[in-house]
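Trainee: I have a model to look at and would like to learn how to read it. Could you show me where to begin?

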Amino acid sequence: MKSNTINAEKMGKSNKRVIFEILRKSKRITRKEIADVTGLNPSTVTNIISDFKKRGFIEETGTNVNASPGRRSINLKVVKESAAALIVVLGVENTEVALGFMDNSFEIVDSFKTETDKDRHFGKIEEKLKTLYETSKHKDKICSLVFSVPGIVDRKRKVINTVPHLGWSDIDLSEFSEKISPGSKMEVLIANEAKLALLAEIYENKNIRNMQNGVYIYISQGVGGAVLIDSKPYLGNSFIAGELGHMSINEKGTPCSCGRKGCLEKYIGADSVTQAYEMSGDELDGSSCREKFQSLVLRASAADGLADSILRNMMEHLATGVINVVNLFNPDFVVVGGMGEKIPDEYMDIMRNEVLSKLFTVTVEKTKIIKSVFDIKMASITGATLMSMESFGRKAIS
């Protein structure tokens with residue numbers, strides 16, 4: 001009897017978590033729709049919804065105008081401010097601070113230059129987060145502190161192992177919430193920016209909805225990536241799965257900071273392609289790598305011969321990377337994101353045609369190769385918000 005009771009409790013918690021995630025990722029949904037999606041008994045759904053309402057997680061928002069004749073269905077949605085998260089998006093050039101909410105929306109609160117000295121920079125982050133926490137009207141609802149990082153991290157130990165483009169290493173963030181608010185129960189979460197961008201893409205991109213396997217190629221100053229297997233992000237045993245930038249595509253090629261030669265990021269990373277243009281003596285517009293890359297794209301589209309040649313060369317090398325990952329994973333989709341979201345469609349077609357010429361037709365026909373629906377900043381913040389609220393749900397329904 002005790003065993004049956006334990007199993008029933010586990011099943012009850014599992015049902016609650018499933019419904020919580022459906023509610024959290026739906027703009028609005030009815031009890032009947034939840035029952036239809038989950039296969040749960042309507043009375044079970046009603047009981048769980050009643051519990052969530054009592055706890056202030058969800059609210060009713062009027063009737064469903066598309067409901068069939070008879071009793072109108074009542075729409076449900078999560079209460080935006082029932083949980084919140086402090087979010088820090090570390091960038092090689094700039095850092096953003098934001099507040100994320102239960103409905104997966106967010107507010108960017110601050111943006112400032114990333115300093116090369118890590119101690120000084122994290123001191124600045126600490127000051128800004130303290131001020132935000134103490135003055136926020138959501139103070140009592142803040143459940144986590146999330147860091148998006150352009151490098152390799154240890155999620156369990158809450159440590160930044162390395163940020164190659166800044167020369168940072170071994171940064172322990174496990175006690176950072178204590179610095180913001182001593183005695184705080186804020187959970188510290190940490191993740192690579194590309195892994196968070198993949199979460200955002202799965203949530204928002206209708207072109208890959210219900211697809212279970214995919215690869216995300218994240219173009220920034222360098223190149224990162226993320227892998228989805230059986231609907232779950234695959235992290236690997238050291239949380240670095242998907243680091244596609246250090247896939248060597250030319251063993252006699254350009255030396256890379258990792259010690260190897262011909263790494264993919266040396267041919268398609270934004271730093272490399274913008275520097276290739278400026279070596280001609282003509283400077284690109286903008287003060288940041290992101291602005292310079294966008295300037296390169298605009299010049300290529302405006303028939304600047306050198307910009308066009310460099311972008312075409314980038315696409316040919318990107319095609320090599322895509323061919324490798326498609327052969328390795330046979331994914332449902334490949335998304336090109338980060339700064340890659342700015343690549344014009346005509347250049348994406350150059351890459352797709354190159355992929356088509358080198359892969360079995362049946363393979364390409366079954367793999368979508370598309371751009372991200374997010375720009376580089378929005379992807380990381382959305383992913384960090386999703387990560388924080390998913391963690392809140394696991395803890396709140398335990």
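Trainee: What volume does the largest pocket have?

Mentor: First, the ground rules. This is a predicted model, in which local features need pLDDT of at least 70 and side-chain atom pairs count only at pLDDT 80 or more, while totals for chains, interfaces and linings use all residues. Residues are numbered from 1 along each chain as its sequence is written, and side-chain values use heavy atoms, with hydrogens and water left out.

Mentor: On a 1 Å grid over the protein atoms alone, a pocket is an open set of points with protein on both sides within 12 Å along at least five of seven lines, and lining residues have an atom within 4 Å of a point. Its volume is the space filled by 1.4 Å probe spheres set on the points, which are joined across faces, edges and corners. Here the largest pocket has a volume of about 1,100 Å³.

Trainee: Which residues lie nearest the centre of the largest pocket?

Mentor: They are Lys-25, Leu-199, Ile-202, Ser-231 and Glu-390, out of 28 lining residues. Two or more residues of this lining come from each of α1 (2–24), β11 (187–192), α6 (193–204), β14 (232–234) and α13 (376–396). These labels are DSSP runs numbered from the N terminus: helices are H or I with at least four residues, and strands are E with at least two. With 5 residues, α6 gives the most.

Trainee: How much space lies in the second largest pocket?

Mentor: About 580 Å³. Its lining has 35 residues, and Val-92, Pro-150, Glu-193, Ser-220 and Gln-221 are the closest to its centre. At least two lining residues come from each of β4 (84–90), β5 (94–101), α6, β13 (223–229), α9 (289–301) and α13. Here α13 gives the most, with 3 residues. By class, 14 are polar, 13 nonpolar and 8 charged.

Trainee: Now the sheets. What is the order of the strands in the open sheet of 3 strands?

Mentor: Two strands pair if DSSP finds at least two bridges between them. In this sheet the order is β1-β3-β2, with antiparallel pairing. Since β1 (29–30) and β2 (58–63) each have a single partner strand, they stand at the edges, so one side of each is left without a neighbour in the sheet. Between β2 and β3 (residues 74–78) there are 4 bridges, and Glu-59 stands opposite Lys-77 in β3.

Trainee: Which strands stand at the edges of the sheet of 5 strands?

Mentor: That open sheet runs β14-β13-β12-β15-β16, and its pairing is mixed. The edges are β14 and β16 (368–371), each with a single partner strand, so one side of each lacks a neighbour in the sheet. Direction ignored, neighbouring strands here are turned by 25 degrees against each other on average. The antiparallel strands β12 (residues 214–219) and β13 are joined by 6 bridges, and Ile-217 stands opposite Gly-225 in β13.

Trainee: At what angle do the axes of α9 and α10 cross?

Mentor: Axes are lines fitted to C-alpha atoms, for helices over the stretch in contact, and angles run from 0 to 180 degrees between N-to-C directions. Under 35 degrees counts as roughly parallel, over 145 as roughly antiparallel, 65 to 115 as roughly perpendicular and the rest as oblique. The axes of α9 and α10 come within 8 Å and cross at roughly 110 degrees. That makes α9 roughly perpendicular to α10.

Trainee: Which crossing is left-handed, and which is right-handed?

Mentor: A crossing is left-handed if the near helix is turned anticlockwise from the far one by less than a right angle, and right-handed if clockwise. The passage of α9 across α10 is left-handed, whereas α10 passes α11 in a right-handed crossing.

Technical notes. Ala, Val, Leu, Ile, Met, Phe, Trp, Tyr, Cys and Pro count as nonpolar, Asp, Glu, Lys and Arg as charged, and the others, Gly among them, as polar.
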